[in-house]
Amino acid sequence: MKICTILKQVPDAEASIRTSGDRVDLSGVTFVMDGMDEYGVEEAIRLREGGAQVEIVALALGPKRFEDAIRTSLAIGADRAVHIETDETYDAISQARILAEAVKKEGAELVFVGGKEADWDSAALGPALAEVLGWPHVDWTTKLALSGAAVEATHDTDSGTETVKVALPAVITTQQGLNEPRYPTLPNIMKAKRKELRKAQPADYGAATALTRLTGEAIQVKTRLNKLFSGDAVESATALVNALRNEAKVL
Amino acid sequence: MNFDLTPEQKEIQRLARQFATEQILPRAAEWDRNETYPAEMVQAAADLGLLNIGIPEEYGGLGLGMLEEALIGEELGYACMGFDTIILASDLAVVPLKLAGTDEQKKRFFPGLVKGLGAFCLSEADNGSDAAAMKTKAEFVGDEIVVNGTKMWITNGGVCSTYVVLCRTEHAQGHLGTVCVVVPGDAPGVSHNKLHGKMGQRCSYTAEVIFENVRVPKSNMLGGIGDGFKIAMKTLDRTRITVAAGSLGVARRALDESVKYARTRHAFGAPISNLQAIQFKLADMKMGLDTSRLQTHYAAWLVDNDRPHAQASAIAKCRASDVAFSAAAEAIQVHGGYGYMNDFPVEKLLRDVKLNQIYEGTNEIQRVVVARSLLR
Amino acid sequence: MILLVPEHAAGTLRGSARELVTAGRTLQAALGGEIHALLLGPGAAAAAAEIAKYGVQAHHSEDAGYEPFKAQVWTHAAAEAATMLGAKAVLVPASRSGLSYAPRVAVRLNAALLEDVIEVDSDGATVGGKRFTYLSRVTESSRTTALPVVISLKVNVLAPAEAAAAPGAVAAIDLPAAASGVEVLSQAKASTGGVSLDEASVVVTGGRGVGSPEGFTRLVEPLAATVNAAVGATRAVVDAGWRPYADQVGQTGKTVAPNVYIAVGLSGAVQHLSGMNRSKTIVAINKDKDAPIFKVADYGVVGDVNEVVPELVKLLKG
């Protein structure tokens, strides 16, 4: 079975975000593989270690710098990678259309997508990709097991959690709790050098036209009151309740 | 000129950074307080392949260079200089083998160093930088060498799998008579006393190592009789770069902690980062850090490209450790009273990095090396 | 026209439904046409009667196949109704379910997607939206290049709509639930004491500083019960197994923006802040006065949670 894991490279969560004009300025920012995507790579490796015959293909759509994230995935254990390199910004829907073509060409039956992107805060790619492919998807997955030609997955819902059975092919979106991603090892980093990293272009997978465009980005930080009470527990608790009831007029 | 790291170097740096910040940094203060030797984390580092990365591929290693060691060293030093010392001191046993070992010796000793620590036994109680004055003796008896003597301040002494021991042969005088002998960690007659009460780098295992009629095959000698001192000096010319790298980590940590604190600490109604007195300290730390990193990577590049590197590595080690020491001192100053307490990590930086100015040749010796090359 | 797909629980509209109407009315001013609503699953007729009070033409299908929620089933219904009615905009709440099927509806309708938006506007030919990005630190504005558009609307942000003078019509729609490749084997309710994290107007979140799972039952849960709040947890807490992953607030968990957010014994890592920094009023209790959480807090108590929280419970009950 072929598994595609979709990768994205995003600013390190610790990096401070600046804007220049009405756009986010990412110059000088440290980029890392999206933490959400690491769960997908790890899960694919675990399926293999669990005895499944799988080939793991890392798939990424984005600028040249994404290479670093791709190499990380190869060092962790992906078998090979396809980098659809572009400086164009595609929205989640048009990304899904391009990536779906790539998934079809690879003949994958299982696709892992990070549950929520740490740059666009978007959870749309997984479901959109599944729809273009005509496959079911399971999002916010915290547990996964192969069961014949199907997977059993536990995932978060609005009211709690749910365990579902889905026939393959399917798209799984990953999140924390699914597994604990491993570190690559130095020997594997060196071995990854010899793994295939194929470059492609969006046009190789059909042209997709963006249906939305970015018009502005701004950092709006809500000013907080920062009123602190300290000292005696009873006194500070009383002061807090007073402030909440009489000043903020909440509770 | 190309300042870009290769994709593999970037990956190695990322791995080292992740390992250091997630596994080492959160535990460093506790190790420091209790003088705990972190055996499990050393094992974890070895399992990730971060240990002794210079062992050539044909002997089971990764065959990586000094630049990769420098990248790893900076990240480990950032998290805990003591931990970094455990790793870099191990390399001190790898390099002599690489420089002077025969194929047979490499085959015999490298596999044990792929996951096991090495230790380099040069200093003695009465001599440090003056290696020629050493007292530990090697006697040739039949096909064996018998080692007798006591080595002092040996990092990894007692927790390593392999010792490389500098000795003098009984009849020869001065440098001419020194030999470099490989002694397995479990050889009969080897014992150690852990040294307590270090000012800093308290998680690294430092010992007095005693060799009492320790017998090893004659084939454990690296090079010939009289080569010992030369091998030791050549080794230090390289490994000094790892001391510089660890110092970079300390300096970067001092800077990061200072920036973080200066932004949040308020005085006179504004963050102290608004004060030029503080800004200049930060700027000086950054200048020192960046320039010493350039020198360190340059020295590493010279080694990796088989160029003469003794002077460059002396400059790197001396400059980077001086820069790191002053960065740590200034970081305490930026933190004020808090900086003097061990609730904040900066006082540990100062205690730790003091050693970087001392070991692998004091900074005074480095200056001598540089001055001599000028006045030759 | 504009199609809303509000959520309901067995016939009772969820709070997000009235926010959908608010956004629908904003778009209607520019796009024209009527506002329609599609209600799905058991109780849909009652919920339809309810939403019609807001001047919305309400359609309902009581087919039991819409419960529990399955993305493909809801995608089919929303897309069919949108096509049937000629919708220029489809609005759904950005609940977990809404975020899960809105992208699929967009793909199926060949429409643009505006995801998890906090504000909408229209010039008649395109629709614009604002949303948070970069771990909720940036507000992004984007526009569609054309119509139709599918919009998921962040919950607890817009003012709920008031009832209209003239109620809309209520009618059943012949829209049976489609087949789905997903079989639900079991379900478990979250432990948030009946109040859902996404919708709660007050959230009490505990961190490592709470001390133990027992600390949650002794401190966090009573405080939450007193103010009718949902209980949340930090990553460290769920990693330690004190609370289920479903309770997690933060980058890898849920994003919440309640009226009042009470942080108990948590320091405020960036990843956590991204899940709650849009809350209207933030209250923090922590013994470390330098904890980052105090920087985003409106009110804070520097003190031991074991002493402060029981005192708060006592005072708030009084």
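Mentor: A:T212 lies in strand β14 (residues 212-218) of chain A, where strands (E, at least two residues) and helices (H or I, at least four) are DSSP runs numbered from the N terminus. This is a predicted model, in which local features need pLDDT of at least 70 and side-chain atom pairs count only at pLDDT 80 or more, while totals for chains, interfaces and linings use all residues. Residues are numbered from 1 along each chain as its sequence is written, chains are lettered from A and ligands numbered from 1 in the order written, and side-chain values use heavy atoms, without hydrogens and water.

A:T212 counts as buried because its relative accessibility is 15% (buried is under 20% relative accessible area, exposed over 50%, partly exposed in between, with a 1.4 Å probe and protein chains only). Its side chain makes a polar contact of 3.0 Å with the side chain of A:D91 (a pair of N or O atoms within 3.5 Å, one able to donate a hydrogen and the other to accept it within protein, with residues adjacent in sequence counting only if both atoms are side-chain atoms). Leaving aside neighbours within four places in sequence, A:T212 is in contact (heavy atoms within 4.5 Å) with A:D91 and, in chain C, with C:A112, C:L113, C:L114, C:R143, C:T144 and C:T145.

Chains A and C share an open sheet of 6 strands with parallel pairing, in the order β15(A)-β17(C)-β16(C)-β15(C)-β13(C)-β14(C); strands pair if DSSP finds at least two bridges between them. β15 of chain A and β14 (230-233) of chain C are the edge strands, each pairing on one side only, and the twist averages 20 degrees from one strand to the next (angles run from 0 to 180 degrees between N-to-C directions, and axes are lines fitted to C-alpha atoms, for helices over the stretch in contact). Helix α5 (residues 213-226) of chain C packs on this sheet against β13 (202-206), β14 and β15 (260-264) of chain C, at about 135 degrees to β14(C). Helix α8 (residues 305-317) of chain C touches β15, β16 and β17 of chain C, at about 135 degrees to β16(C).

Where the chains join, strand β15 (residues 227-230) of chain A pairs with β17(C) in the parallel sense over 4 bridges, with A:K227 partnered by C:Y299 and A:L228 opposite C:G300. Strand β16 (residues 281-286) of chain C runs parallel to β17(C), joined by 4 bridges, with C:N286 opposite C:V302.

Helix α2 (residues 66-76) of chain A packs against helix α1 (residues 7-34) of chain B at an angle of about 70 degrees, their axes 10 Å apart. The two helices, α2(A) and α1(B), are therefore roughly perpendicular (65 to 115 degrees, whereas under 35 is roughly parallel, over 145 roughly antiparallel and the rest oblique).
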